[in-house]
Amino acid sequence: MADAPIATRYAQALFDAAKADGGLPETLEHLSLIGTLLREHATLRQFLLNPDVDPDDKVGLLDWLLKGSWSELVRSFVH
């Protein structure tokens with residue numbers, strides 16, 4: 001991520017927030033699950049990367065897929 005300074009800043013901010021909350025393991029678990037979904041489901045990946053889809057709809061779909069089990073921190077980060 002050295003060549004992606006914006007992504008690095010966001011990742012560091014999420015890490016810091018999760019650490020302050022004591023939720024690092026939970027945050028890693030939720031991000032790993034989202035990563036698995038994106039790798040294994042091309043249609044989902046295309047939907048989420050489509051700039052014409054409203055961000056609220058994208059987060060709503062992820063919330064439905066994850067059955068609301070992700071933390072508010074990760075939900076806010078993804079949104």
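Trainee: Is Ser76 buried, partly exposed or exposed in this predicted model?

Mentor: In this predicted model, Ser76 belongs to helix α5. The relative accessible area of Ser76 is 44%. Buried would require under 20% and exposed over 50%, so Ser76 counts as partly exposed.

Trainee: How far apart are the C-alpha atoms of Ser76 and Leu14?

Mentor: Ser76 lies in helix α5. Along the chain, 62 residues separate Ser76 and Leu14.

Trainee: Which class of accessibility applies to Val78?

Mentor: Val78, like Ser76, is a residue of helix α5. Its relative accessibility is 33%. Since this value falls between the limits of 20% and 50%, Val78 is partly exposed.

Trainee: Which elements give two or more residues to the nonpolar surface patch that includes Val78?

Mentor: The patch consists of Ile6, Tyr10, Leu31, Phe77 and Val78. Together these residues have about 450 Å² of accessible area. The elements that supply two or more of the residues are α1 (5–21) and α5 (72–78).

Trainee: Is Thr27 buried or exposed?

Mentor: Thr27 is part of helix α2, which covers residues 24–40. Its relative accessible area is 6%. Because the limit for burial is under 20%, Thr27 is buried.

Trainee: Which residues does Thr27 contact, leaving aside neighbours within four places in sequence?

Mentor: A contact requires heavy atoms within 4.5 Å. With neighbours within four places in sequence left aside, the partners of Thr27 are Leu14, Ala18, Leu73 and Val74.  Leu14 and Ala18 fall within the range of α1 (5–21), and Leu73 and Val74 within that of α5 (72–78). From helix α2, Thr27 therefore has contacts, by the 4.5 Å criterion, with Leu14, Ala18, Leu73 and Val74.

Trainee: What pattern does the protein chain follow along the sequence?

Mentor: The chain has five helices and zero strands. Read along the sequence, the pattern is α-α-α-α-α.

Trainee: What percentage of the residues of the protein chain count as buried?

Mentor: The chain contains 79 residues. Its accessible surface comes to about 5,700 Å², with 58% belonging to carbon and sulfur atoms. Under the limit of 20% relative accessible area, the buried share of residues is 23%.

Trainee: How far apart are the mean positions of the positive and negative charges?

Mentor: The C-alpha trace spans about 35 × 30 × 20 Å along its principal axes. The chain carries 7 positive and 12 negative charges.

Technical notes:
Residues are numbered from 1 along each chain as its sequence is written. This is a predicted model: local features need pLDDT of at least 70, side-chain atom pairs count only at pLDDT 80 or more; totals for chains, interfaces and linings use all residues. Side-chain values use heavy atoms; hydrogens and water are left out. Patches are made of residues with over 30% relative accessible area and no salt bridge: like charges are joined within 9 Å, nonpolar side chains (Val, Leu, Ile, Met, Phe, Trp, Tyr) within 5 Å. Accessible areas come from the Shrake-Rupley method with a 1.4 Å probe; for residues, only the protein chains shown count as cover. A salt bridge is a side-chain nitrogen of Lys or Arg within 4 Å of a carboxyl oxygen of Asp or Glu. Helices (H or I, at least four residues) and strands (E, at least two) are DSSP runs, numbered from the N terminus. Buried means under 20% relative accessible area, exposed over 50%, partly exposed in between (1.4 Å probe, protein chains only). Lys and Arg count as positive and Asp and Glu as negative; His and the chain ends are not counted. The place of a charge is taken as NZ of Lys, CZ of Arg, CG of Asp or CD of Glu.
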